[in-house]
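Trainee: I have the sequence and the model open on my screen. Could you take me through them with a few questions and answers?

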Amino acid sequence: MKSRRDFLKIAGLSAFALGTASALTLATGSKASALPAGTAPAKGSYTNEPDALHAKRWAMVIDTRKFTSPEHFQRVIDACHHAHNVPTIPGNQDVKWIWTDKYAHVFPDDVNAYMPEKFLHGDFLLLCNHCENPPCVRVCPTAATFKREDGIVVMDPHRCIGCRFCMAGCPFGARSFNFRDPQPYVKDVNPEFPMRTRGVVEKCTFCTERLAQGKLPACVEASEGAMIFGDLNDPGSPVRQALSENFTIRRKPTLGTQPGVYYII
């Protein structure tokens, strides 16, 4: 009888061999035609698209002061979920790339009973933090999740064997598992973005496919200035300017993952 370790090795090699155009688009943001069929994306792959946006370390700043209504949050969520064919499945199947929660759940290290009402009971956006030291990458047995050289943590669903180690390793709850086939639960399919399948994990990718086309992430465009995106290593970038001019916090900083998402409070 084969051991679990043997199974993971075999499954990992099988998933590696099944890399396709969809996997390449998800993981690298580049067109799959640039590589032979069956080639899986290399770590740190970059697109050669002439209009592509590049950075040494992509990061995001969310200005919580500018989100003034539930409709504003929903517009951002809808933009992300439509662009990436995120399913809406009834019941307890909660597949999400970006969502909202209360302050105590978002920032458990910085809460007290005497905070202003807008903090204690207000909503805050959550998404993958694209950490500098991502624990999800360390625990993945097949390299289905990995960090690109520009700091974006991405998923290759064709390498994913559904072990969900990455979900257990992520301290931010940023990953979702497809217990069902998600395709019947996507009402308005975006044909330019690949669908996932049952039995794989998915999450926010900072819109690598849009960056490859010279576009900002869908959530940033829909936020109307409430979300800022740019190169953390560039002192002149919008992100660095926002960080230098405002007080910001990050989620669970004591864990040492170094999140790439900052919040202006």
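## Working through the model

Trainee: Is Cys207 buried or exposed, and what is the relative accessible area?
Mentor: Buried means under 20% relative accessible area and exposed over 50%, with partly exposed in between (1.4 Å probe, protein chains only). Cys207 falls in the buried class, because its relative accessible area is 5%.

Trainee: Before we go on, what kind of model is this?
Mentor: Residues are numbered from 1 along each chain as its sequence is written, and side-chain values use heavy atoms, with hydrogens and water left out. Local features need pLDDT of at least 70, side-chain atom pairs count only at pLDDT 80 or more, and totals for chains, interfaces and linings use all residues; the model is predicted.

Trainee: Back to that cysteine: where is Cys207 found, and what is its phi?
Mentor: Helices (H or I, at least four residues) and strands (E, at least two) are DSSP runs, numbered from the N terminus. Cys207 is in the loop between strand E7 (201-202) and helix H8 (208-211). Most residues other than glycine have a negative phi. Cys207 is not a glycine, yet its phi is positive, at about 55°.

Trainee: Glu224 also has a positive phi; is Glu224 buried or exposed?
Mentor: Glu224 sits in the loop between H9 and E8, and its phi is near 55°. Its relative accessible area is 61%, so Glu224 is exposed.

Trainee: How many disulfides does a search of the whole structure find?
Mentor: A disulfide is a pair of cysteine sulfur atoms within 2.5 Å. For Cys136, the closest cysteine sulfur is in Cys170 at 6.2 Å, which is too far for a bond. Cys219 is in no disulfide either, with the sulfur of Cys207 nearest at 5.9 Å. The number found in the whole structure is zero.

Trainee: Which residues touch the most other members of the largest nonpolar core?
Mentor: A nonpolar core is a set of buried Ala, Val, Leu, Ile, Met, Phe, Trp, Tyr and Cys residues joined through side-chain atoms within 4.5 Å. Nonpolar side chains tend to be buried together in soluble globular proteins. The largest core here has 44 residues, and those that touch the most other members are Met60, Ile62, Ile98, Leu125, Phe206 and Met227.

Trainee: In what order do the strands of the open sheet of four strands come?
Mentor: Strands pair if DSSP finds at least two bridges between them. E1 pairs with E8 in the antiparallel sense over five bridges, and four bridges join E1 to E10, running parallel. E9 and E10 pair in the antiparallel sense over two bridges. The pairing is therefore mixed, with E8 and E9 at the edges, and the order is E8-E1-E10-E9.

Trainee: How many of the six residues of E1 are buried?
Mentor: In a regular strand the side chains alternate between the two faces of the sheet. Trp58, Met60 and Ile62 are buried on one side of E1, and Ala59, Val61 and Asp63 are buried on the other. E1 is largely enclosed by the rest of the structure, because the number buried is six of the six.

Trainee: What arc do the buried residues of helix H10 cover around the axis?
Mentor: H10 spans residues 238-245, and its buried residues are Val239, Ala242 and Leu243. They lie on the same side of H10, because the arc, taken from the directions from the helix axis to the C-beta atoms, is only 95°.

Trainee: Which exposed residues does the face of H10 turned away from its buried side carry?
Mentor: The buried residues of H10 pack, by contact (heavy atoms within 4.5 Å), against E1, E8, strand E9 (248-249) and E10. The face turned away carries Ser244 and Glu245.
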